[in-house]
Amino acid sequence: MNIKEILAVGDQYFTNGVVGTAIYCVLVYIFGVIIKKLVDRYVSHKINKHGRDAQTSYGFIKNTVHMVVNITTVFLMIMEVKAFHRLGTTFLGASGIIAVVLGFAAQESMSNFIGGFFLSFYKPFKVGDMINIPDKSLVGTVEEIGMRHTVIRTFTNSKIVIPNSVMNNSIIENRSLDIGKYCNFLIINISYASDISKASEIIQRLALKHPNCIDARSKKEKESNQPIVAVIVTGLKDSSIELRASIYSKDVSLGFTMLCDLRKQIKETFDAEGIIIPFPTQTVVLKK
């Protein structure tokens, strides 16, 4: 068999014959891999240059290019089969109906894709930010903003996958916007018989000693001698007085650790100083 006959084998099934189609598919696949590698290298360069701020936008661009290249590669390979050409001609007259059906089927996916685009463009949060979604009772760190969903890593080290359309319509608290200054509220209840001033002084003293506590006062607050740790009375309850201390840390993670340490230290110091933390009690009277 000569070269022409070899190339003509299977031409009744494939546009360029078996050999020609195989070579064509390999070249298309290699070309797609090269494009994705170039995009990955470009995105990595931008992320290394601009840091975490660029990871959100360029990560979304990389995922989008990968999806387009993969779909195009598969489409070009499939179209080498003549049967698909005939099917395309057959269904061409019903293209309007197919478009409507596909439109309804892809409505949710398109909504998620557009949501991901807006999240990457406007950046209400970025990859690496700690966010809180109150209506979902979810707090965690953003790991990825993809074309269809956002991945959040929780404190329990589990991954939560949320559609971008949901993220785009949710009220989100970004706890990483003001880097280096996060206010932690420490709530402590004391009995009515306890000394409020003494309890406040103990809370302030222990908080200032903690290594995670920082001075976040403005210049004006320093000039007016505002305390670094402010303790106020926020409630007079049925059996206790509620005190709230505002203690600043560099971020929410350090603040969480600090509050855990302070609760233990405050409880031990209150016990030594005679300040009572009330708890529910019940008196049972037995009658004959």
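This is a predicted model: local features need pLDDT of at least 70, side-chain atom pairs count only at pLDDT 80 or more; totals for chains, interfaces and linings use all residues.
The protein contains 10 helices and eight strands, and buried residues account for 31% of its 288 residues. Its accessible surface amounts to about 18,700 Å², and 62% of this area belongs to carbon and sulfur atoms. When contacts between residues at least 6 apart in sequence are considered, 63% of them join residues at least 24 apart.

Three strands form an open sheet in the order β6-β8-β7, and their pairing is antiparallel. The edges of this sheet are formed by β6 (182-190) and β7 (230-236), each of which pairs on one side only, and neighbouring strands are turned by 30° against each other on average, direction ignored. The antiparallel pairing of β7 with strand β8 (residues 241-249) extends over six bridges, and A230 stands opposite S246 in β8. Two helices are placed against strands of the sheet: helix α8 (residues 196-209) lies across β6, β7 and β8 and runs at about 20° to β8, while helix α10 (residues 252-273) lies across β6 and β8 and runs at about 20° to β6.

Elsewhere in the description of the surface, a nonpolar patch is formed by M110, I114, F117, F118, F121 and Y122, which together have about 640 Å² of accessible area. One of these residues, F121, is located in helix α6 (residues 107-122). F121 counts as exposed because its relative accessibility is 53%, and the term exposed applies to values over 50%.

Technical notes
Residues are numbered from 1 along each chain as its sequence is written. Side-chain values use heavy atoms; hydrogens and water are left out. Patches are made of residues with over 30% relative accessible area and no salt bridge: like charges are joined within 9 Å, nonpolar side chains (Val, Leu, Ile, Met, Phe, Trp, Tyr) within 5 Å. Accessible areas come from the Shrake-Rupley method with a 1.4 Å probe; for residues, only the protein chains shown count as cover. A salt bridge is a side-chain nitrogen of Lys or Arg within 4 Å of a carboxyl oxygen of Asp or Glu. Helices (H or I, at least four residues) and strands (E, at least two) are DSSP runs, numbered from the N terminus. Buried means under 20% relative accessible area, exposed over 50%, partly exposed in between (1.4 Å probe, protein chains only). Contact means heavy atoms within 4.5 Å. Two strands pair if DSSP finds at least two bridges between them. Axes are lines fitted to C-alpha atoms, for helices over the stretch in contact, and angles run from 0 to 180 degrees between N-to-C directions.
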